[in-house]
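Please open the model in your viewer and keep the selection panel at hand. The tour below goes from one selection to the next and says what is there.

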Amino acid sequence: MVASMSSESDYSTDDCKDVKAEKRPRGVQQCLSTEMGRVLVAGSGFLADGYDLFVIGLVEMIFEAEYVKTGIITESEYSWAKGTMASSALLGAVLGQIVLGTLADRIGRRVVFIVTAVLIILGSLLSAMASPNLIAGRGPDQVFVQIAIARLIMGFGIGGEYPLSASIAAEGCTKRRSGTLMALVFSNQGSGYLLACLVMIFLHGTGCSNEVTWRGALAFGAVVPGLALPFRMMMHESDDFEKVLKQREAHQANVDSRKTMKRYTWHLIGTAANWFLWDIVWYSNGLFSQDIAQVLNVFGEDLMGKFTKKLIIVLCMLPGFALSVAFLNKLGRKNLQILGYVAIAILFFILGLGYNWLKSSSPGLFFVLYAMTFLFANFGPNTTTYVIPGEIFPSQIKATFHGFSAASGKIGGVVGAELFPRLDPKSDHGKVICLLLCAFVAVAGALFTFAFTPRYAAETLEVKLPGETVGYVPLRWQKKDHASALQAHSDASDATGSDNASDGCSVEDDTHNLA
């Protein structure tokens, strides 16, 4: 995987940048010129994303022990604080995905990529410094308000990581490798979940007080982006985006963002709707963690026992990430997404229809089936909803449309988080309804994938003719007429001697990038 990418590197080969490259430390220069180096730099944001969004759930266990069980605040007050901290990060992520994704297509990936890291570092450190004595006369609940504000800032940075990491990974390698490397970048989210559990277990297990544990855990969220920040500052724009900038300076119509967005409207509907539907399922999965906790009750109900249970659930997630990296190209993006949706729908139908029997008579089987939902989530739509919009959209709108798709997903998560608690998930009957509803949403995701997601290969990612898109959705019955029109345009272009310019890629560029 760690191969030299001098011809497809995401650094310009002009003389000015060669001089700058020579001034870098040799080890840094070698790191940034490899696929793995770019995966590590791009993936650092997703590791921070996974860590920061997962660690807050573990920290909340400490808050409950410190503030609720000791009577400092009531359960209703803490419930409000907990919801505020969660929603602030989601709101920040939605705004970051839309705003920073759009900016990345306007001013470039490098600058915005630096900004996202700074925002994550700032939000993490501010969270750790929340003080119950900041405002005199206010109660201890002001800690949660400060954390919510800090997580809004952090969430804004994390939101930007989605379109930025996808664009940088996709544009920093050959088209044949883009899907695999993007899946590898996304798998860092799982590494972030794992790191969050290990940090909490280490801090609590070494005798740190509850306050030191939660502050240390939140502050640790700044470590990974802090280490990656110098490398991001040394990066240059990708070759693909530099071509777009040059074509914009020359006022070429084939990189007009508005016209390109119009051609890819149906593709955006597919990527956004699928991410929306998927995150309804993904964010509602946590509603059943209490049942899993009962199955894993052997670890006890103290804080260390709760952290260990979370660790086991995370370990169930990791194989799915590895399978996606290994089989994404072999199975194809569309096939893998449909496979994941169908498998998850079947599992949720089984869990819903057999809930009472499984929970009472076969809790071990219940745990296995629940763990398999995580396996097919990551070996399926959780990964492909990130990869597909990073590949099918051309560079001039890639970050913008990826950001809109990701924001749609976060909104779906909010819908799920608001909808499912209203179905009384604490009761057995309510859990059955929630499980069956998740199954139906997964079926809807499979149908949307079939209708709106193009089936494409690496070769089709390089568009050769004006007006052509990656795949042709949703009017498949017009595909023959569409192909005939493109062929007629090609013949006319050959006859007049015009080049076959496309959405930023010529035939010569296509041959170069697929070499």
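**First stop: a helix pair**

Helix 5 and helix 6 cross in a left-handed manner, a crossing being left-handed if the near helix is turned anticlockwise from the far one by less than a right angle, and right-handed if clockwise. Select residues 109–128 for helix 5 and residues 142–171 for helix 6, whose axes come within 7 Å and cross at roughly 150°. Helices here are DSSP runs (H or I, at least four residues), numbered from the N terminus, and axes are lines fitted to C-alpha atoms over the stretch in contact, with angles running from 0 to 180 degrees between N-to-C directions. The two helices, helix 5 and helix 6, are therefore roughly antiparallel, the term for angles over 145 degrees. Their contact comprises 15 nonpolar, eight polar and four charged residues, where Ala, Val, Leu, Ile, Met, Phe, Trp, Tyr, Cys and Pro count as nonpolar, Asp, Glu, Lys and Arg as charged, and the others, Gly among them, as polar.

This is a predicted model, in which local features need pLDDT of at least 70 and side-chain atom pairs count only at pLDDT 80 or more, while totals for chains, interfaces and linings use all residues. Residues are numbered from 1 along each chain as its sequence is written, and side-chain values use heavy atoms, with hydrogens and water left out.

**Second stop: another pair**

Next select helix 14 (residues 303–331) and helix 17 (residues 363–378), which pack at an angle of about 40° with their axes 7 Å apart. This crossing of helix 14 and helix 17 is right-handed. Among the residues making the contact (heavy atoms within 4.5 Å) are Ile 312, Cys 316 and Phe 321 of helix 14, together with Phe 367 and Phe 374 of helix 17. By class, the contact between helix 14 and helix 17 has eleven nonpolar, three polar and no charged residues.

Which residues have the most contacts inside the largest nonpolar core? Select Phe 63 and Tyr 386, which hold that place in a core of 104 residues; such a core is a set of buried Ala, Val, Leu, Ile, Met, Phe, Trp, Tyr and Cys residues joined through side-chain atoms within 4.5 Å. Helix 3 gives the most to this core, with 16 residues.

Finally, select Glu 60, found in helix 3 (residues 35–68). Glu 60 is buried, with a relative accessible area of 9%, buried meaning under 20% (1.4 Å probe, protein chains only). Beyond residues up to four places away in sequence, Glu 60 touches Tyr 78, Lys 82 and Met 85.

Technical notes
Buried < 20%, exposed > 50% of the residue type's maximum accessible area, 1.4 Å probe, protein only. Parallel < 35°, antiparallel > 145°, perpendicular 65-115°, else oblique.
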